[in-house]
Amino acid sequence: MKKSNWRKVKQQKDSQTAEVAFDAHVTYAGFWSRILSFVIDIFMIGLPITFVVMSIFGYDQMQQVSTLDVLQGIKPVDAHGNEIKPDPLIAITQIGLFATIVIVLWKFDGGRTPGKRLSRTKVVDAKTLQAPKLWQLVIRFFAYFLTFLSFIFVMGILLPLLHPKKLMPHDLLSQTAVIYDLD
């Protein structure tokens, strides 16, 4: 009976040592690398989605009301002062397509989007440094909106500068991290 308990303790100690040793070789992605990858993704993923949505809903509708207007509850008016009724389906379609593409890329391309690939970074599970689970990626994507709100309050900018693993609010909520991909 005592031998099996000692084996468990030894196995736990060995696994903790291996995890610490593995973590020592990891370099967490810096703030500017992450911003660079986000900007690249906006152009390489977001812009084509905007063109697709524009072809579906029409140029005029896209010009009159933006997705941010719909999300913020802003009621735009036309040149005559008449309220323009935004079509929430446009915002839902645009965000839905962007979320689907980004989450699929994170899941099936080793935690990378085009921007992350160019900045040589990838999204990983913060604890295991392996591929994150699908639920983590979904939470991560939608937690971006909270991160942008936190930028307004400066916390979103200061957090990665102060955190030892350079985590941002959406990383903390989804239990993910962004590391440099040395492969």
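I take helices (H or I, at least four residues) and strands (E, at least two) as DSSP runs, numbered from the N terminus. The model is predicted: local features need pLDDT of at least 70, side-chain atom pairs count only at pLDDT 80 or more, and totals for chains, interfaces and linings use all residues. Residues are numbered from 1 along each chain as its sequence is written, and side-chain values use heavy atoms, with hydrogens and water left out.

**Chain.** I looked up the secondary structure of the protein chain and found nine helices and two strands. Their order along the sequence is α-α-α-α-α-α-β-α-α-α-β.

**Helix H2.** I noted that H2 spans residues 31-57. Its 27 residues reach 36 Å from first to last C-alpha, close to the 39 Å expected at 1.5 Å a residue (1.5 Å times one less than the number of residues). I located a kink of about 35° at Gly-46, shortly before Pro-48; the bend is the angle between axes fitted to the seven residues ending there and the seven starting there. Just after H2, Gly-58 takes a positive phi of about 100°. Among the buried residues of H2 I recorded Arg-34, Asp-41 and Gly-46 (buried: under 20% relative accessible area, 1.4 Å probe, protein chains only).

**Asp-171.** I then turned to helix H9 (residues 169-174), which holds Asp-171. Asp-171 counts as buried because its relative accessibility is 0%. Not counting residues up to four places away in sequence, Asp-171 touches Arg-34, Arg-140, Lys-166, Thr-176, Ala-177 and Val-178 (contact: heavy atoms within 4.5 Å).

Notes. Buried < 20%, exposed > 50% of the residue type's maximum accessible area, 1.4 Å probe, protein only.
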